[in-house]
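Please view the sequence and the structure below before reading on.

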Amino acid sequence: MRLDKYLKNSRLIKRRTVAKEACDAGRVFVNGRQAKAGTELEIGDQIAIEFGSGSITVKVAALTESPRKEDAAGMYEVVNG
């Protein structure tokens with residue numbers, strides 16, 4: 001699954017266009033490397049997102065195409081943040 005789509009589906013970022021902009025600005029890292037919006041994710045990858053006031057690191061737990069709102073939080077595990 002593409003990184004920008006995953007960020008939207010997991011509700012870590014509200015909109016896919018915002019997720020793409022964050023990737024283009026160099027604020028999203030996958031496994032320690034700066035990532036583009038089209039980066040393909042696998043279960044177990046670590047995603048670090050830098051927000052304006054802080055950052056969060058999560059581990060990919062599931063790649064669900066269209067999760068319900070209640071299931072979105074189960075797509076990742078917070079490592080720190």
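The model is a predicted one. Helix α2 spans residues 16–24 and has buried residues as well as exposed ones. Positive phi values occur at Gly26, Arg11 and Asn31.

**The two sides of helix α2**

- Ala19, Ala22 and Cys23 are the residues named as buried in α2.
- Seen down the axis of α2, the buried residues fall within an arc of 100°, and they therefore line one face of the helix.
- Thr17, Glu21 and Asp24 lie on the other side of α2, where they are exposed.
- The cover over the buried residues of α2 includes helix α1, residues 3–9, and strand β1, residues 28–30.

**After helix α2**

- Gly26 follows α2 and has a positive phi, near 80°.

**Arg11, between α1 and α2**

- Arg11 is located in the loop between α1 and α2.
- Although Arg11 is not a glycine, its phi is positive, at about 65°.
- Arg11 counts as partly exposed because its relative accessibility is 45%, and partly exposed covers the range between under 20% (buried) and over 50% (exposed).

**Asn31, between β1 and β2**

- Asn31 is found in the loop between β1 and β2, the latter being residues 33–34.
- The phi of Asn31 is near 55°, a positive value in a residue other than glycine.
- With a relative accessibility of 47%, Asn31 counts as partly exposed.

Key. Residues numbered from 1 in each chain as written. Predicted model: local features only at pLDDT ≥ 70, side-chain atom pairs only at ≥ 80, totals over all residues. Heavy atoms only, no water. Buried < 20%, exposed > 50% of the residue type's maximum accessible area, 1.4 Å probe, protein only. Helix = DSSP H or I, 4+ residues; strand = E, 2+ residues; numbered from the N terminus. Arc of directions from axis to C-beta. Contact = heavy atoms within 4.5 Å.
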